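Reader: I would like a close look at one part of this protein, with its surroundings described as well. Please keep to plain terms.

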Amino acid sequence: MTEPKKLFVKTYGCQMNVYDSERMAEALGASGYVPTDRADDADMILLNTCHIREKAAEKVYSELGRFKPLKAAKPDLKIGVAGCVAQAEGEEIMRRQPMVDLVVGPQTYHRLPEMERAVRAGARAVDTEFPPEDKFAHLPRGPRARRAPAAFLTVQEGCDKFCSFCVVPYTRGAEVSRPAERVLAEARDLVDRGVREITLLGQNVNAYHGAGEDGSEWSLARLIDALAAIDGLARIRFTTSHPNDMRDDLIGAFATQPKLMPYLHLPVQAGSDRILKRMNRKHTAESYIRLIERLRAARPDLLLSGDFIVGFPGETEADFEDTLALVRTVGYGQAYSFKYSPRPGTPAAERADMVDDAVASDRLARLQALLTEQQRAAQAAMVGREASVLFEKPGRMPGQMVGKSEYLQAVHVTAPQIAAGEIARVRIVEAAPNSLAGALV
Ligand code: 5AD
Ligand code: SF4
């Protein structure tokens, strides 16, 4: 019997890349690959890359450089680049890094098995098309392994919003929603394999408008209701959303759908209308705040998370203070903040009025101090309260189990009798910045 070949996948960036990496591993599983977590043990290395911020391509080239000794020791080792840098750079990767055997974009990885065969036969393979067929419908399926209790499921891909700073509409392409029935079938399969919580993924997930079985278009709220009817599925989340696609039925779902968890990632990016306009966000600070009020009216305990960019071209101190003011008004339980980085090919990258780097760094530090303070307050507010925890795995201490609260906070409990996949009520007794400790009720 021949030894199975080993696949090492390294994932950068967003949760959709995590999902895509799993799908790529499954597709290559059908070609006889088993996963390994050691690059030096692998027969194939795949980097699933991210292009969203700063020097993404440079980082990939330097990471590739580090595989040189591995390839020298094992000439049969195949090296592939996938994801958004692959999409953006394409052939250029082959030119700059002769060691790379395979370049595959986010929309063509269902073709990996044929690409792998070509590469094994000595060819170099590049595929960064936006093909007409649905990759999910053409993905080879590997062995149906048992899954961890919380899983991602892509329902929508691509973006038509064209925020002026963002590469996503170029790397992931136009907005496409998967048909509802396919999503439901994948969800049922996940639940059969032990999944209890599904996070629906999309670059603009709340713009979901997939074909329903009856030929009508389903909104995300309708899809969530249909998913909630699956026995054994206990929790549903979705990410990432754009404020302008937050429809009434989806807001209502936070009040009416008990399986929809009270956590929402709703990026605003900035708090100054002048900057929001330059960002082509098509909403104002005020309209965002009104939307948050409606969401909180539907679900008073909703925990909000956001993304922020500081130092967008032309941002003044007054604009930045508007961002701080918006953060104070909204109150975030979780947040991601970044210094603006010009991305090649985006409209904002053409602007001449760049903010001085030291000024942008200073603003980032000030914003992060405020966001950290809010996150700590949200954690501390949990002490003394009860949370519902989906346990995912054993913790570091003997007898300890860790899981997530309904608000996506990590919670650890000493409870050797609890198994992964169980949901239990926990009284929170202690809060740290990134985790909570509690006891079973
Ligand atoms: N510079 C800095 N941050 C960016 N993001 C997207 N593009 C850029 C950029 N050019 C941030 C946004 C987005 C998150 C995923 O990454 O805040 O919501
Ligand atoms: Fe990028 Fe804006 Fe689309 Fe989000 S909504 S993926 S920031 S273009």
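Reader: How many residues does helix α14 have, and what span does α14 reach from its first C-alpha to its last?

Author: The model is predicted. Helix α14 runs over residues 357-380 and has 24 residues. From first C-alpha to last, α14 reaches 34 Å, close to the 34 Å expected at 1.5 Å a residue. At the start of α14, aspartate 356 has a side-chain oxygen within 3.1 Å of the backbone nitrogen of alanine 358.

The buried residues of α14 include the leucines Leu364, Leu367, Leu370 and Leu371. Ala360 and Ala378 are buried too, and so are Arg363, Gln374, Gln375 and Gln379. Among the elements that cover these residues are the strands β15 (303-310), β16 (334-339), β20 (423-431) and β21 (436-440). Helix α13 (317-330) is also part of the cover.

The domain assignment places domain 1 at 5-135, domain 2 at 145-380 and domain 3 at 386-440. The centres of domain 1 and domain 3, taken over C-alpha atoms, are separated by 36 Å.

Another helix, α8, can be described in the same way. Helix α8 covers residues 180-192, which makes 13 residues, and reaches 18 Å between its first and last C-alpha, close to the expected 18 Å. After α8 comes glycine 194, with a positive phi near 105°. Buried in α8 are Ala180, Val183, Leu184, Glu186, Ala187, Asp189, Leu190 and Val191. Their cover includes α1, β7, β10 (197-201), β11 (209-211), β12 (217-219) and α9 (220-228).

One residue of helix α8 is glutamate 186. Glutamate 186 counts as buried because its relative accessibility is 17%, and the cut-off for buried is under 20%. Beyond its neighbours within four places in sequence, glutamate 186 is in contact with Tyr19, Arg23, Leu153 and Arg178.

Terms used: Residues numbered from 1 in each chain as written. Chains lettered and ligands numbered in written order. Predicted model: local features only at pLDDT ≥ 70, side-chain atom pairs only at ≥ 80, totals over all residues. Heavy atoms only, no water. Helix = DSSP H or I, 4+ residues; strand = E, 2+ residues; numbered from the N terminus. Expected span 1.5 Å × (residues − 1). Buried < 20%, exposed > 50% of the residue type's maximum accessible area, 1.4 Å probe, protein only. Contact = heavy atoms within 4.5 Å. Polar contact = N/O pair within 3.5 Å; in protein donor to acceptor, adjacent residues only side chain to side chain. Domains from an automatic or database assignment.
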